[in-house]
Amino acid sequence: MNDTIAAISTALGVGAISIIRVSGNDSLNIVNKIFKGKDLTKVPSHTIHYGHIISNNEIIDEVLVTVMLSPKTFTKENIVEINSHGGIATTNKVLGLVLKNGARLAEPGEFTKRAFLNGRIDLIEADGIMNLIESKNEKARKLSINQLNGKVSNLIRELRDNLIEIISNIEVNIDYPEYEDIEELTNNDIYPKIKEFKQKLIDIINKSKDSKILTLGINIGIIGRPNVGKSSLLNSLLEEEKAIVTDIEGTTRDIVEGSITLNGIILNIVDTAGIRKTDNIVEKIGVEKSLNIINKSDLIILLLNNNEPLTNEDKKLIELIKNKNSIILVNKTDLDSKIDYSLLPNNIIKISVKNNEGLDELKSRIIELFNLEKLETDDLTYLSDARSIALLEQALIKINDSIDSIKNDEPIDMVELNLKESWNILGEIIGETYTDELLDELFQRFCLGK
């Protein structure tokens with residue numbers, strides 16, 4: 001944190017301008033060494049200055065340099081931004097001079113990471129920056145702005161305030177039982193408050209899941225044995241030849257992805273390698289990736305073959321997705337049936353990808369599963385990333401544990417322990433508590449100059 005970092009903040013390529021961003025205590029001195037114009041160490045904050053970038057008395061580029069002094073900057077450090085002419089050669093040359101004179105190349109997301117560590121933003125606001133960059137629709141943009149301006153952070157802080165109020169009342173009773181003017185608190189007294197808090201938390205979780213779907217879409221994994229028609233199904237849904245289709249088993253050896261829009265919601269569809277036992281090293285890696293997709297997807301589509309009996313691998317896959325959000329499709333209904341339907345659930349969908357039959361029913365089932373016809377909200381002040389929603393659900397588990405303690409008539413301090421754990425988990429969402437490994441993982445999503 002004591003060194004000065006630099007990176008290109010604009011897309012590298014041909015353009016009108018490129019911006020090289022420098023942040024740190026020594027940023028003014030470093031840029032001043034290569035800038036011919038005003039003395040940057042003596043200019044007011046938030047001012048722009050015309051001049052040239054020079055190296056060994058050679059003019060490298062004509063530039064505008066913006067100076068922003070701590071603490072009123074994005075990182076709360078001194079920041080200098082060099083606006084040079086766009087172009088790979090010029091931009092890299094200017095960046096190289098900055099690095100040569102004392103800065104180091106920033107890691108992905110390091111500017112935003114410094115903004116967090118210096119107290120300029122919290123983790124939700126940091127995530128909002130990345131989400132804003134990646135926004136694919138208007139709802140995603142609006143939700144990202146709400147994350148960025150602190151509205152979503154305030155929602156979590158309000159939850160923590162509600163919880164700390166309950167915890168404080170318990171602690172007063174535990175620590176000062178001798179005070180006669182303090183009303184003795186029992187499990188029955190705090191139960192209604194915890195129950196009310198639980199409902200509020202559940203509402204936020206449900207609305208956050210809806211926000212995730214509205215903004216990021218639904219991740220769908222297509223799985224099944226080799227040669228059951230997974231790639232053909234993907235191509236039919238995307239209405240393009242995205243995946244290679246042959247009669248040879250194991251043609252798909254890696255995941256193939258594509259997206260469509262259904263009722264205004266993005267469906268991110270992944271065609272996986274056929275799942276079977278194999279000695280082929282490349283195919284084996286593909287199978288492992290396919291199994292991993294099952295855990296990451298919001299919806300699993302399992303494809304079975306109508307003109308073949310169920311195999312042990314089919315049965316294992318049916319068992320594997322039993323407790324997951326899933327749809328079972330029986331493909332190739334245009335061929336003679338050899339599958340035993342009595343071994344399958346009642347809600348399967350029969351399709352023929354070849355004849356384009358059953359796809360409308362599949363889309364209707366997806367709409368029904370995710371309630372897409374009614375999924376609409378004008379209030380986008382909710383979380384939308386998987387990490388934060390998972391933490392909300394962990395916090396809910398601790399609240400349920402505290403309710404179980406009350407029902408089991410356990411001591412009130414045992415109830416308090418679970419409430420405190422829930423409060424701490426909520427703190428992880430906004431970054432009140434964190435680990436270095438967590439920060440590294442979060443900010444690696446960012447580009448170098450952000």
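This report describes the sheet, the helices packed on it and the nonpolar cores of a predicted model.

## The sheet

Strands of a sheet pair through backbone hydrogen bonds, either parallel or antiparallel. Here, 7 strands form an open sheet with mixed pairing, in the order 3-4-5-6-2-1-7. Strand 3 (35-36) and strand 7 (104-105) are the edge strands, each pairing on one side only.

Strand 3 runs antiparallel to strand 4 (residues 47-55), and 2 bridges join them. At this pairing, F35 stands opposite I53 of strand 4.

## Helices on the sheet

Helix 2 (residues 88-100) lies across several strands, including strand 2 (17-23), strand 5 (58-68) and strand 6 (79-85). Strand 1 (5-8) is also among them, and helix 2 runs at about 175 degrees to strand 1. Helix 3 (residues 110-117) packs on the sheet as well, where it touches strand 1, strand 2 and strand 7. The direction of helix 3 makes about 135 degrees with that of strand 1.

In soluble globular proteins, nonpolar side chains tend to be buried together. The largest nonpolar core in this model has 31 residues, of which I156, I194, L201, L392, L419 and L426 touch the most other members. Two or more residues each come from helix 6 (151-175), helix 7 (187-216), helix 12 (386-407) and helix 13 (412-430). Helix 6 gives the most, with 8 residues.

Beyond its neighbours within four places in sequence, L392 is in contact with I156, L159, L201, I204, I205, S208, L383, L426 and I429. A second, separate core has 30 residues, among them I220, L233, L237 and L362.

Methods:
Residues numbered from 1 in each chain as written. Predicted model: local features only at pLDDT ≥ 70, side-chain atom pairs only at ≥ 80, totals over all residues. Heavy atoms only, no water. Core = buried A, V, L, I, M, F, W, Y, C linked by side-chain atoms within 4.5 Å. Buried < 20%, exposed > 50% of the residue type's maximum accessible area, 1.4 Å probe, protein only. Helix = DSSP H or I, 4+ residues; strand = E, 2+ residues; numbered from the N terminus. Contact = heavy atoms within 4.5 Å. Pairing = 2+ DSSP bridges. Axes fitted to C-alpha atoms, helices over the stretch in contact; angles between N-to-C directions.
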